[in-house]
Amino acid sequence: MLKLTKLVILISLTVLAGCGHQLHHTPMQFSVERDRITAIGEVDSNSLNAFENVLKKNPNIRTLVLKNVGGSVDDEANIEFSRVVRELGFVTIVPSDGLVASGGTDLFLAGVQRILEAGACVGVHTWATEDYVATDLPRTDPEHDPYLAYYDDIGIDQNFYWFTLEAAPADNMHWMSDSEVAEFKISTSSALSLGSAAICEHR
């Protein structure tokens, strides 16, 4: 079973970074403008249902803009949501002033086309429970399997998963560089100049 820990990690990060975020969960909210659905907030067990309700009223939209999606409070729900985004053939976009991190990065990867606008921020780190962190587990541990299966199914190299675990500890964040995005094929469009770590940490 996946662990419900990413919000705790996100809260720790935002407090340390001085971003001024409230110390509480911000449920994902959706808005529609023309041919795009925009998402802000963290993924939880209600996010997919809310997304599908928006789709019922806007069945022809196939672009999901991730304005500021810093993580999830339920990894199982996040992967389920992400799989639906992929199955429906959505394009995912992180705008120039946008941010995805942790589970939000997994959601971005669900896009059949993935666009990072110049200045966008993409964050990764290891995951943790109250008892251990992912890097303490051998690579053969079944706790890794749901993530690896998801990456396999959406065509992302498993090496990206192992990269995220080593990139930063659970209470910090690594902001990906242009070269890292290109190496792991995170974007399906030409890599542009992503936001610097200093910018991303205070976004």
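Rings of Phe, Tyr and Trp, the last taken by its six-membered ring, are said to pair if their centres lie within 6.5 Å. With that in mind, I turn to the structure above, which is a predicted model.

Ring pairs link ten residues that I shall name in order: Trp127, Tyr132, Tyr147, Tyr150, Tyr151, Phe160, Tyr161, Trp162, Phe163 and Phe184 form a cluster. A search of the whole structure finds 14 aromatic pairs, and I shall present two of them.

Phenylalanine 30 belongs to strand β1, residues 29-33, and phenylalanine 81 to helix α3, so the contact ties together parts that are 51 residues apart in sequence. Both phenylalanine 30 and phenylalanine 81 are buried.

The second example is tyrosine 147 with tyrosine 161. Here the centres are 5.5 Å apart and the planes lie at 15°, so the pair is stacked. Tyrosine 147 sits in helix α5, residues 145-154, and tyrosine 161 in helix α6, residues 158-167; the two are 14 residues apart, and the pair links distant parts of the chain. Tyrosine 147 has a relative accessible area of 4% and is therefore buried. Tyrosine 161, at 2% relative accessibility, likewise counts as buried.

Let me return to helix α3, which holds phenylalanine 81. How far apart are the end C-alpha atoms of helix α3? They are 18 Å apart, in agreement with the 18 Å that the 13 residues, 75-87, should span at 1.5 Å a residue. At the start of α3, the backbone nitrogen of glutamate 76 has a side-chain oxygen of aspartate 74 within 3.1 Å. Just after the helix, glycine 89 adopts a positive phi of about 75°. The buried residues of α3 are Asp75, Ala77, Asn78, Ile79, Phe81, Ser82, Val84 and Val85.

Cysteine 121 is buried, its relative accessible area being 0%, and cysteine 200 is buried at 2%.

Terms used. Residues numbered from 1 in each chain as written. Predicted model: local features only at pLDDT ≥ 70, side-chain atom pairs only at ≥ 80, totals over all residues. Heavy atoms only, no water. Helix = DSSP H or I, 4+ residues; strand = E, 2+ residues; numbered from the N terminus. Expected span 1.5 Å × (residues − 1). Buried < 20%, exposed > 50% of the residue type's maximum accessible area, 1.4 Å probe, protein only. Polar contact = N/O pair within 3.5 Å; in protein donor to acceptor, adjacent residues only side chain to side chain. Phe/Tyr/Trp six-rings, centres within 6.5 Å; stacked < 30°, edge-to-face > 60°.
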